[in-house]
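Hi everyone, thanks for coming. Let me put the structure up and walk you through a few spots.

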Amino acid sequence: MSFQPISLTTLDFNPFQRIGRDWMLITAGDDAGVNTMTASWGGAGTLWGEDVVTVYIRPSRYTHQFVEAQGRFSLCFFDEAWRAQLSMLGRVSGRDRDKIADAGLHVTWLDGIPVFEQARQVLLVQTLYVDTLRADCFTDRALLDKCYPQRDLHTVYVGKVLGAYEQ
Ligand SMILES: Cc1cc2nc3c(=O)[nH]c(=O)nc-3n(C[C@H](O)[C@H](O)[C@H](O)COP(=O)(O)O)c2cc1C
C-alpha cells in the first residue's frame, strides 16, 4: 500500500467517529527519535481561515515533548483490527518501552513528518497555537474535578492541516 494525497473536502472523516470512537495516534519526532500516543479527545474544523485540528495532550505524556520540539505532528487513523495496539499505545509510555516496535508498527515519513505505514488515513499538522486549559475557565466544575483531580490540565494544540493522505 502507499499513501495517496486526498482533498480535505472529499475526505471521509466524521470527527465524532474517527477521533472519539475509533481513536487516533498523535506522532512526532525526527531522525533522532519518534514517539506516539493514542488520543480520543480532539476536533476538526475551521479557524483563522485555515483547516485545523485541535488536540489535547497532558504535559506528562512523553509525546508532549516531541510535539513541543517539532511543532509538527501527524494524526494516524487505523482499521478496527488495530484496536488492541492502539489501546496498548495509550497505556504504555515510550519512555519505558519501544512500544512502536511492540505494536508492530513501522514509521515512514510524509513531508518530513513521521507517520505509520499501516495507517488507513493520515493528517499532517503544523502547530499554530498552543495553550494550557485553565481551571478557572470551567463553567462545569464537576467536569474539572472528574477529569483533573490532580489539576494536570491538558496542553491544547490548534494545528493547521498541511495535507491528508489515504491508502
Ligand atoms: C483511548 C485512549 C485515548 C486517549 N486520549 C488521550 C488524549 O486525548 N490526550 C492525552 O493526553 N492522553 C490520552 N490518552 C493517554 C495516552 O495515550 C497515554 O498516557 C500514553 O501512554 C502516553 O504515551 P507517551 O508517554 O509515550 O506519550 C488516551 C489513552 C487511550 C487508551
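By class, how many nonpolar, polar and charged residues does the shell around the ligand have? There are eight nonpolar, nine polar and four charged residues. Here Ala, Val, Leu, Ile, Met, Phe, Trp, Tyr, Cys and Pro count as nonpolar, Asp, Glu, Lys and Arg as charged, and the others, Gly among them, as polar.

Before I go on, this is a predicted model: local features need pLDDT of at least 70, side-chain atom pairs count only at pLDDT 80 or more, and totals for chains, interfaces and linings use all residues. Residues are numbered from 1 along each chain as its sequence is written.

Back to the ligand. Of the 21 residues around it, Tyr62, Thr63, Gly90, Ser93 and Gly94 come nearest, where near means a C-beta atom, placed from the backbone, within 6 Å. Two or more shell residues each come from β3 (33-39), β5 (50-57) and α2 (62-70), and β3 gives the largest share, four residues. Helices (H or I, at least four residues) and strands (E, at least two) are DSSP runs, numbered from the N terminus.

Trp23, in the loop between α1 (15-22) and β2 (24-30), has a positive phi of about 75° although it is not a glycine. Arg151, in the loop between α5 (141-147) and β10 (155-166), has a phi near 60°. Most residues other than glycine have a negative phi.

Are these two buried or exposed? Trp23 is buried, because 20 other C-beta atoms lie within 10 Å, while Arg151 is exposed, with 8. The cut-offs are 20 or more for buried, 12 or fewer for exposed, and partly exposed in between, with C-beta atoms placed from the backbone.
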